[in-house]
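My notes are below, in the order I looked things up.

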Amino acid sequence: MSTLLAFEEALQEIKHSATVCVETQTTALSNALGRVLAKDIVADISVPPHDNSAMDGYALACDDWQDSKPFKISQRIPAGQKADALEPGTCARIFTGATIPNGADCVIMQEDAQQTGDTVIFTQQPFKGDNIRPKGQDMQAGQTVVKAGEKITPMHIGLLSSLGLTRITVYKPLRVGILTTGDELVPAGETLKEGQIFNSNGPMLNALVTQAGHQVALCLHAVDTPEATEDALEKLIESCDVILSSGGVSVGEEDHVKDALEKLGKVHLWKIAIKPGKPLVHATLKGIPFLGLPGNPSSTLVTYHWFARLLLSVCSGQIAESPTSYLVDAGFNRTKTIQRDEFIRVSIGDDGLAYAHAQQSSGALLAACESQGYLHVKTNTQIEYGCSYSFYPFSAF
Ligand SMILES: Nc1nc2c(c(=O)[nH]1)N[C@H]1C(S)=C(S)[C@@H](COP(=O)(O)OP(=O)(O)OC[C@H]3O[C@@H](n4cnc5c(N)ncnc54)[C@H](O)[C@@H]3O)O[C@H]1N2
Ligand code: MOO
């Protein structure tokens, strides 16, 4: 146990060893959803570009107001039209989004006005700035509005369109290679022979990588021999920016991934104090970052969520953000402690408490599908009913 690296230390080590491994390109903003911004975007105009009305109503200088005083309507300003300077002592009929004329400093909404012909009276006293959206309220010219490393969301597409942008600089998609290992594995669709199981980690990793916005460049499978493992790794090195593997990282003589890594590259860390996922291995192969995830499907899932997701984020140019968590109270007790940080698959009950799925084996995947996230129980910690622990919904990853 003493040789296991602490969870937080492993996270920091993987995060700090990773660098951006993709080039940049420009792309149409309309095609940029989910891409990673490569250069800060600085607003070159203010939005809105001029003071404008937040209401349909009347623009005037509020110092001119007196209770029930009739105001002449000296101009009509629909949105999208140039406004003339306000004739002193008058008001302008104005509509939502229209430019505030020079000389006016408030807008009275039409529900608080009585218009007769081309005059209008206002019974409520207005104040400076009422119903005016000032120039630059949303963004000021010169302001950095989106930072390099942010993933473009639909809100960003709207925001950048409001600056008039049509093209932006993004990182090229990260090409991820996936290697599954194991003599017992056959692809779904084939017929199982005695002792065989279907390969579930390959398709699951493919989906996780794709969901994160990266490109799966090559998926290979290697039987449990050193030659097959090295051969597959050599092929992945040729065509990928980062490589993930599943299985073959434990201590048995059928586990060849770690030896192959030592032969072809440099191993940085092996074995972490987490459950599930202990035999995780991190290496570099000819300059290419590599993470070997343990083969038990829930260990693959947990180590992907915590470590591979982080590595791929940094390599793809993203700002490495920790997954969002919140504190929830446990709805169960467990007196036994273990010397590993544990990620228990739990659901949140109607009472707001976290309940552990009955099946916590690292070989079981249905438990993850039937749960809502992880309860993080730190090393050597008991679980006490009603005490708070960090809950990470699966959507946080
Ligand atoms: N003597 C010890 N044995 C084991 C240790 C240990 O410390 N000492 N650690 C255990 C832990 S913890 C884990 S986790 C596993 C991880 O082992 P590997 O990463 O070497 O994985 P494999 O042995 O190749 O496979 C483990 C398990 O997962 C199934 N598997 C593998 N790949 C897939 C796949 N693509 N799809 C579906 N299922 C897969 C495989 O059939 C095995 O059942 O080691 C423990 N042993
Ligand atoms: O650490 Mo292993 O992933 O529990 O089975």
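**Ground rules.** I'm reading a predicted model, where local features need pLDDT of at least 70, side-chain atom pairs count only at pLDDT 80 or more, and totals for chains, interfaces and linings use all residues. Residues are numbered from 1 along each chain as its sequence is written, and chains are lettered from A and ligands numbered from 1 in the order in which they are written.

**Confidence.** I checked pLDDT (the predictor's confidence in each residue, from 0 to 100): the chain averages 96, and 99% of the residues score at least 70. I also noted ipTM 0.97 and pTM 0.92.

**Helix pair.** I looked at α3 (residues 201–211) and α6 (residues 297–315), whose axes (lines fitted to C-alpha atoms over the stretch in contact) lie 10 Å apart at an angle of about 20°. Helices here are DSSP runs (H or I, at least four residues), and strands are too (E, at least two). The two helices are therefore roughly parallel (angles under 35 degrees). On the α3 side of the contact (C-beta atoms, placed from the backbone, within 7 Å) I found Asn 201, Met 204, Leu 205 and Leu 208, and they meet Pro 297, Thr 300, Leu 301 and Tyr 304 of α6.

**Ligand 1.** I counted 27 residues around ligand 1 (C-beta within 6 Å), with Asn 201, Gly 247, Ser 250, Pro 294 and Gly 295 the closest. β13 (175–181), α3 and α6 each give two or more residues to this shell.

**Ligand 2.** Around ligand 2 I listed Lys 275, Pro 276, Gly 277, Lys 278, Pro 294, Asn 296, Ser 299 and Ser 362.

How values were computed:
Axes are lines fitted to C-alpha atoms, for helices over the stretch in contact, and angles run from 0 to 180 degrees between N-to-C directions. Angles under 35 degrees count as roughly parallel, over 145 as roughly antiparallel, 65 to 115 as roughly perpendicular and the rest as oblique. Two residues are in contact if their C-beta atoms, placed from the backbone, lie within 7 Å.
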